[in-house]
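Good morning, colleagues. Please look at the sequence and the structure on the screen while I go through a helix packing and several salt bridges.

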Amino acid sequence: MAVCARLCGVGPARGCRRRGAQQKGTAGDSSEPDTDPEEGGGGGCGEAAAAEDDDAAEERIEGAALAESSPRARAPLSLLDLPPELLVQIFGSLPGTDLPNLALVCSAFRRILRTDTIWRRRCKEEYGVCENLRKLEITGVSCRDVYAKRINPRVKSGRFMKILPDYEHMEYRDVYTCLLHRYRHILGLWQPDIGPYGGLLNVVVDGLFIIGWMYLPPHDPHVDDPMRVKPLFRIHLMERKSATVECMYGHKGPHSGHIQIVKKDEFSTKCNQTDHHRMSGGRQEEFRTWLREEWGRTLEDIFHEHMQELILMKFIYTSQYDNCLTYRRIYLPPRSAIDLIKPGLFKGTYGSHGLEIVMLSFHGKKAKGTKITGDPNIPAGQQTVEIDLAHPIQLPDIENLSNFSELSRIVLEVQEQVRREQQQEEEEGGLEKEHQPQAQEEEEEQPQPGPSQREAGRGAEEEAVAQGSPPASCPFVLPGGIASRNEDYPRTCRACFYGTGLIAGHGFTSPERTPGVFVLFDDDRFGFIWLELQSFSLYSRIKDSFQNADAPSQEAFDEMLKNIQLLTS
């Protein structure tokens, strides 16, 4: 009972006073044990013990009364004893997905969770919503005006604002539950299923909207220009409890659309008013408008007949979808400290096909370039280039570099060496199949032998990275006879590696890998020389930032690459 009293904050009072009195009575003699009857036992008079128990009971009652009367002595026993302002702060720090369960605890919690400050904080911290619903009508510069200018400049703000919701009577709780949380699974990067052409869609929370932005490469051949974007759909609250999906395709402003989440990492869009995509001038006007947006020129400006055919084929193929598409999630590649450069998305030149988007990723001693957008020859999802980081190439001096035959001789020698090493590995693997795990460990620990040029090139690269400084650049010039869409390529390079490029006929027929040279210019640009095609592709990094796009693991990223490749194989 004494222990229970002490836990309640009452019992220790008597013991402390008694021990204090004993310490005074014994003149500081600390060798005498504590004789508190609740803690000790011994033979004593029963009446004296009973009297002491009565005194102890009276002291407990007095102590409890003092504790109740003292404002500082009583601590809150539950969350309900805390001030409502403090509960708002506590509840606002919890994930929004936990708040509905918290509302089921009691009516008091349910009333507090109606405070809009809690939901405003969750909208900001989880989805980056910074707009103030209460000030949108006062400031005069709201997200509605921004979208009127960004999406369709031809539409005046006043006319546009009439079809948008009235935010004055809207609450952050509705924004969170009916918009952000409901459509959270479609945020991130996606690749549309448009046959061989693919694409890059980024779904983001932008103001009080969820918008799907299609990212388009700059006009050919300006590979260093920024990406172009256009909206395909948007979602917002037209009423308090209802989210509205609008199709943004075409030139007549937003109109009715629909979004269906098919399964995990896949969703589809549908336009309910495809007549908004048509133009008064018919297909010819639509084609001319599309050509100006896609290529930044007219058909008369394109003199190459084969290029005209490819452009017309793409317009016919892509326009038939009318923004009724299926999207599959893609991830940005994970980054490692040993990567040659930062992996990510690049835009590159592909001859008559124009600029296309490629994802560069690193896989041990290999680097892969996977097409996010493609063409009828090599469709989206296929691995356009593969770089062998274990086989650097030492370029000849600048005088001999301009000779295509000299460069071709060096590359073919490395190709033959790679073939012999692969054949040797296959033979050793067949003989020592039982000891394969041990052989792999030894292979990782010991560097494979190679020519002096490989050791020199790789050693200089690794030494420079270890010292934290970029490797020394050497002069670079394209050999004679190599065709390039962009003559404004860098004239110095950091390193070169052996690689293979994927080529195929129209319709992805007879695909084969041919030797080439991967040329690293700097952290944001690289190139690839296609020996078989005698052409050069220049790649430049896409510097836009993408949210909700990082791969959860290397295994998830590898699985994503395999899936998008199988779709077009």
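Is arginine 494 buried or exposed? The model is predicted, and in it arginine 494 is buried, with a relative accessible area of 15%. Its salt-bridge partner is aspartate 523, with the closest N and O atoms 2.9 Å apart. This pair links distant parts of the chain, 29 residues apart: arginine 494 lies in the loop between strands S15 and S16, and aspartate 523 in the loop between strands S17 and S18. Aspartate 523 is partly exposed, at 41%.

A second pair joins glutamate 286 to arginine 278, at 3.4 Å from N to O. Here glutamate 286 is the buried residue, at 10% relative accessible area, whereas arginine 278 is partly exposed, at 31%.

I turn now to helix H7. Arg121, Arg122, Glu125 and Glu126 are linked in a network of salt bridges.

Helix H7 also packs with helix H11 at an angle of about 45°, their axes being 7 Å apart; the two helices are therefore oblique. Residues of H7 in this contact include Trp119, Arg122 and Glu126, and those of H11 include Tyr172, Val175 and Leu180. By class, the contact has 7 nonpolar, 1 polar and 5 charged residues.

Finally, the whole structure contains 26 salt bridges.

Note on methods
Residues are numbered from 1 along each chain as its sequence is written. This is a predicted model: local features need pLDDT of at least 70, side-chain atom pairs count only at pLDDT 80 or more; totals for chains, interfaces and linings use all residues. Side-chain values use heavy atoms; hydrogens and water are left out. Axes are lines fitted to C-alpha atoms, for helices over the stretch in contact, and angles run from 0 to 180 degrees between N-to-C directions. Helices (H or I, at least four residues) and strands (E, at least two) are DSSP runs, numbered from the N terminus. Angles under 35 degrees count as roughly parallel, over 145 as roughly antiparallel, 65 to 115 as roughly perpendicular and the rest as oblique. Contact means heavy atoms within 4.5 Å. Ala, Val, Leu, Ile, Met, Phe, Trp, Tyr, Cys and Pro count as nonpolar, Asp, Glu, Lys and Arg as charged, and the others, Gly among them, as polar. A salt bridge is a side-chain nitrogen of Lys or Arg within 4 Å of a carboxyl oxygen of Asp or Glu. Buried means under 20% relative accessible area, exposed over 50%, partly exposed in between (1.4 Å probe, protein chains only).
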